[in-house]
Amino acid sequence: SPVVKVAVKVKDGKELPKLVEGLKKLSKSDPLVVCTTEESGEHVIAGCGELHVEICLKDLREEYAQCDFIVSDPVVSYRETVTELSGQTCLAKSPNK
């Protein structure tokens, strides 16, 4: 699942179709990258790490979209996990009887 997300925006509004087409090509070429469009119209690229996203942006700029765009700062998803066994016993009620 993607960890790092960046938003991309074209510098010139006329090149928006090129960017959208480039994002589709990028999604097809790399199975680990997720390209989405938010409700606000923002185009978001999500990848496995900062280096992965940088490589995707380079490919998008030079190969797929072939247009110049502005990139936001990367946003990292915060994830938690259990690291050790708890000494405390916890009981939970299940809706299944």
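Author: A start with the term helix: helices are DSSP runs of H or I with at least four residues, numbered from the N terminus. The model is predicted. Helix 2 is followed by Gln66, whose phi is positive, near 50°.

Reader: What makes residues 50–64 count as a helix, and what span is expected at 1.5 Å a residue?

Author: A helix needs at least four residues, and helix 2 has 15.

Reader: Which residues of helix 2 are buried, and how do you know on which side of the helix they sit?

Author: The buried ones are His52, Val53, Cys56, Leu57 and Leu60. They lie on the same side of helix 2 because they cover an arc of only 140° around its axis. Their cover includes strand 1 (4–10), helix 1 (16–29), strand 3 (43–47) and strand 4 (69–71).

Reader: Why is Ala7 called buried?

Author: Buried means under 20% relative accessible area. Ala7 has 11% relative accessibility, so it counts as buried. Ala7 belongs to strand 1.

Reader: What does Ala7 touch beyond four places in sequence?

Author: Its contacts are Glu42, His43, Val44, Ile70, Val71 and Ser72. With Ile70 the separation is 63 residues in sequence, while the C-alpha atoms are 8.3 Å apart in space. Contact is judged on heavy atoms within 4.5 Å, whereas the 8.3 Å is a C-alpha to C-alpha distance.

Reader: Is His43 buried or exposed?

Author: The cut-off for buried is under 20%. His43, at 9% relative accessibility, therefore counts as buried. His43 is part of strand 3.

Reader: What makes the pairing of His43 with Thr37 a polar contact?

Author: Such a contact needs a pair of N or O atoms within 3.5 Å. The side chains of His43 and Thr37 make one at 3.2 Å. Thr37 is also among the residues in contact with His43, as are Val6, Ala7, Val8 and Leu16.

Reader: How many residues are in the largest nonpolar core, and which have the most contacts inside it?

Author: That core has 16 residues, and those with the most contacts inside it are Leu19, Ile45, Leu57, Leu60 and Phe69. Strand 1, helix 1 and helix 2 are the elements that give two or more residues to this core. Beyond four places in sequence, Leu60 is in contact with residues including Leu19, Ile45 and Phe69.

Notes
Residues numbered from 1 in each chain as written. Predicted model: local features only at pLDDT ≥ 70, side-chain atom pairs only at ≥ 80, totals over all residues. Heavy atoms only, no water. Expected span 1.5 Å × (residues − 1). Buried < 20%, exposed > 50% of the residue type's maximum accessible area, 1.4 Å probe, protein only. Arc of directions from axis to C-beta. Core = buried A, V, L, I, M, F, W, Y, C linked by side-chain atoms within 4.5 Å. Polar contact = N/O pair within 3.5 Å; in protein donor to acceptor, adjacent residues only side chain to side chain.
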